[in-house]
Amino acid sequence: MNNNISIKRCSDIKTTEVREKNGVTYIVFPGIEKLGFIDHLFSTRLGGVSGGHYSTMNLSYTRGDDAACVNENYRRIADVLGHGRTLDDFVCTFQTHTTNIRTVTEDDRGKGPKRVRDYTDIDGLITNVPGIILGTFHADCPPVYIIDPVKKAIGLVHSGWKGTQGQIGKKAVEKMGLEYGTRASDCVCAIGPSICGDCYEIGEDVALEFSKAFTKEELDNEKILIPYPNGKYRLFLWNAIKLSLKNAGVMEENIIVTDICTKCNPDLLFSHRVHGEKRGNLMAFLSINDKTSNS
Ligand SMILES: [Zn+2]
């Protein structure tokens, strides 16, 4: 990897790989790759052209960065994803911490970097259209990748504490069931790089919201919420998302959890808790191979 950045991992079980292609450093799940018909990645700060606190791979047009730089960053990501993909193939969320999920069709192609998003308040996307690249924005909040290898359908959601409390991952699996006939027991899911439980201190207000969504037994037994003597809590979003996916019918052995935390790796990744508002955005990307092209 370039820039000699060492990666701090949260687990001895290595679930991700950090790779470089054309100077772009990115993170993948080998457990998704082995499915064969999926292209995916999670971006890092490295390999883009943005300057200052956006450096260098910022993928947000709305945080004040130069749009020409962001365009170039997307172009580089499209290159890494391969198969002749371009800016025309991305479809991005319009995130406002909801649990709303959009069914993405051919008509949506390019909405994000290339065309105006004619929707708001969308934190999750599902599709069965090959070649379209679903994209969600991140800087501590987890992405959840959902793949149905039987019906060849995918879902990608932004699951911050509000989305996780509202179980957006479970809702995406259910919506894929309605739209594509997806069975939860067929799905492979991955919770992407984001803030780990040891790094994520929250107050009584957020803890209260979680105690409404999950039972006391679930919060304790699944290690979702750990009280601290200072009146604060540690919130383990990865465990909460995992539980809600299991509740949706996803098999535990088909849920892959990241071993890389954004806050533990601020030189590699943007972290809201470390960088505050002066930062760029990372993105998760998920796409079904377009078999008509094999570059
Ligand atoms: Zn951490």
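My notes begin with the ground rules and then turn to a few residues.

**Ground rules.** I am working with a predicted model, where local features need pLDDT of at least 70, side-chain atom pairs count only at pLDDT 80 or more, and totals for chains, interfaces and linings use all residues. I number residues from 1 along each chain as its sequence is written, and side-chain values use heavy atoms, with hydrogens and water left out.

**Thr 164.** I found Thr 164 in helix 3, residues 161–165 (helices are DSSP runs of H or I, at least four residues, and strands are E runs of at least two, numbered from the N terminus). Thr 164 is buried, at 1% relative accessible area (buried means under 20%, exposed over 50%, partly exposed in between, with a 1.4 Å probe and protein chains only).

**Salt bridges.** I looked up the total, and the structure holds 22 of them (a side-chain nitrogen of Lys or Arg within 4 Å of a carboxyl oxygen of Asp or Glu). Side chains of opposite charge can pair when their charged atoms come close.

**Asp 259 and Arg 9.** These two side chains meet in a salt bridge, 2.7 Å from N to O. Asp 259 lies in the loop between strand 14 (255–257) and helix 8 (272–275), and Arg 9 in the segment before strand 1 (17–21), so the pair ties together parts 250 residues apart in sequence. I noted that Asp 259 is buried at 0%, while Arg 9 is partly exposed at 26%.

**Arg 102 and Asp 108.** Here I found a salt bridge of 2.9 Å, N to O. Arg 102 is partly exposed at 22%, and Asp 108 is buried at 2%.
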